Amino acid sequence: MRPVPFLDLRAQLRSIRPEIDDAMARVLDAGHFVHGDEVARFETEFAAWLGADHVVGVGNGLDALRLALEALGVGAGHEVIIPANTYIATALAVSAVGARPVLVDCDAAGLMDPDLVATAVTDRTRAMMPVHLYGQAADTSRLGRLASRFGLALVEDAAQSHGASDGQCLTGTVGHAAGFSFYPGKNLGAFGDAGAVATNDGLLAEKVRRLSNYGQAAKYVHIEKGCNSRLDSLQAAILRVKLRNLAAWNQERVRLAAIYDELLAGTSVRPLPRRPGAGHVFHLYVVRHPRRDELARFLGDHGIQTLIHYPRPIHLHEAYRELASLEGRFPVAESLSREILSLPMYPELGADAVRHVCEVIRRFGA
Ligand SMILES: *Cc1c(COP(=O)(O)O)cnc(C)c1O
């Protein structure tokens, strides 16, 4: 059996190469490289795909979250509630606007636990930013109710959840705003850095658009201290091609995940539990095992590449040393970080590779 990489972006490119070549040639020939027609079209198409009123393309996912918070007026002296189990960017977006990230533990599925949110609210709390981690919607209906009860903004970190649903709406359309990342390995990925803010609030969209483009209201009219975080035309043109395939790619991820589920049943490896009713798009296929490091080594020795999402919760990163004293306060996130493992998952992976991975896991034994 050939080695199984964790992710193979070249396989996806092969499947759409002629359309990508055409799209890139179109941008080169137009000679317009930042913002412009391709970006406007991508924003409209992605908004329609999501069912959101507005999408604003920005430079990356971290900036999308940061600009959403800034546009909502979150800043110095404020607190933002985020899950302890997430990628560092969620916390960095809060720190970037001068606010303080306040962590809450996750549930067994790895998602922010709504039961714990109320205890984290203080009179400085301005927003909560749940993460639709691994491609699965956090409990946005309950979180939305909590947000209204406490008068908080709800910003969704949708960087891993393009096309995931909470049972009713797609993630990224439920809160006041959402940040998407189009980092190459995401379910919808560019060929470089890219991101977007989605919102149903037209004024908020305009504010994000302005902040991301030097605070410019009209050419050389700067009404606030913005930054430069724009989506380039090449990435937008590439994303437009890929968006047309996103639903089919997500479907294939779901199909492969079901094969994993079936073949892992009865082994010592357990997939993380799923939220009933949530439409998972399996950005990652995450399992749990008490001897995780040994399992990862065994798979690696058999040519199967795995990763860990994430090996540390936010408060145990050196960058957040001021939160280090909270060790032990988020027991679910801490135990997940020691036991979770992400198996290979991408639409072009193929059922045979999934069967092979499960076969090797069977040989790993108990
Ligand atoms: C990828 C990711 C981000 C950041 O996106 P970038 O485009 O890399 O800046 C934020 N949050 C989560 C959960 C992510 O997975």
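Colleague: Which side chain is joined to that of His289 by a polar contact?

Modeller: The side chain of Ser268 is joined to that of His289, at 3.1 Å. A polar contact here is a pair of N or O atoms within 3.5 Å; within protein, one atom must be able to donate a hydrogen and the other to accept it, and residues adjacent in sequence count only if both atoms are side-chain atoms.

Colleague: What kind of model is this, and how are residues numbered?

Modeller: This is a predicted model, in which local features need pLDDT of at least 70 and side-chain atom pairs count only at pLDDT 80 or more, while totals for chains, interfaces and linings use all residues. Residues are numbered from 1 along each chain as its sequence is written, and side-chain values use heavy atoms, with hydrogens and water left out.

Colleague: Where is His289, and is that residue buried or exposed?

Modeller: His289 is in the loop between strand S11 (285-288) and helix H9 (292-301). Helices (H or I, at least four residues) and strands (E, at least two) are DSSP runs, numbered from the N terminus. His289 counts as buried because its relative accessibility is 2%. Buried means under 20% relative accessible area, exposed means over 50%, and partly exposed lies in between (1.4 Å probe, protein chains only).

Colleague: And His315: which side chain does its side chain contact?

Modeller: The side chain of His315 makes a polar contact of 2.8 Å with the side chain of Glu334. His315 is placed in the loop between H9 and helix H10 (331-339). With a relative accessible area of 0%, His315 is buried.

Colleague: Let us turn to the ligand. Which residues surround the ligand?

Modeller: The ligand is surrounded by Asn60, Gly61, Leu62, Tyr87, Ala89, Val131, Asp157, Ala159, Gln160, Ser181, Lys186 and Tyr310.

Colleague: Which atoms of the ligand lie 2.8 Å or 2.7 Å from polar side-chain atoms?

Modeller: A nitrogen atom of the ligand lies 2.8 Å from a polar side-chain atom of Asp157. For Gln160, an N or O atom of the side chain is 2.8 Å from an oxygen atom of the ligand. Lys186 has a polar side-chain atom 2.7 Å from an oxygen atom of the ligand.

Colleague: How much of the ligand does the protein bury?

Modeller: The protein buries 91% of the 380 Å² that the ligand exposes when taken alone. These areas come from the Shrake-Rupley method with a 1.4 Å probe.

Colleague: One of the surrounding residues was Tyr310. What is the form of the peptide bond from His309 to Tyr310?

Modeller: The peptide bond from His309 to Tyr310 is cis, with omega near 10 degrees. Tyr310 is found in the loop between H9 and H10.

Colleague: On to the backbone. What is phi of His35, and what is phi of Phe282?

Modeller: Phi of His35 is near 55 degrees, a positive value in a residue other than glycine. His35 lies in the loop between helix H1 (9-30) and helix H2 (36-50). Phe282 is also a residue other than glycine with a positive phi, near 45 degrees. The loop between strand S10 (270-271) and S11 holds Phe282, and at 6% relative accessibility Phe282 counts as buried.

Colleague: Lastly, Phe298: is that residue buried or partly exposed?

Modeller: Phe298, in helix H9, counts as partly exposed because its relative accessibility is 21%. Phe298 and Phe364 are 66 residues apart in sequence and 7.1 Å apart in space, C-alpha to C-alpha.

Colleague: And where is Ile340?

Modeller: Ile340 is in strand S12 (residues 340-343) and is buried, with a relative accessible area of 0%. Its C-alpha atom is separated by 9.9 Å from that of Ala296, 44 residues apart along the chain.

Notes:
A residue is near a molecule or strand if one of its heavy atoms lies within 4 Å of it.
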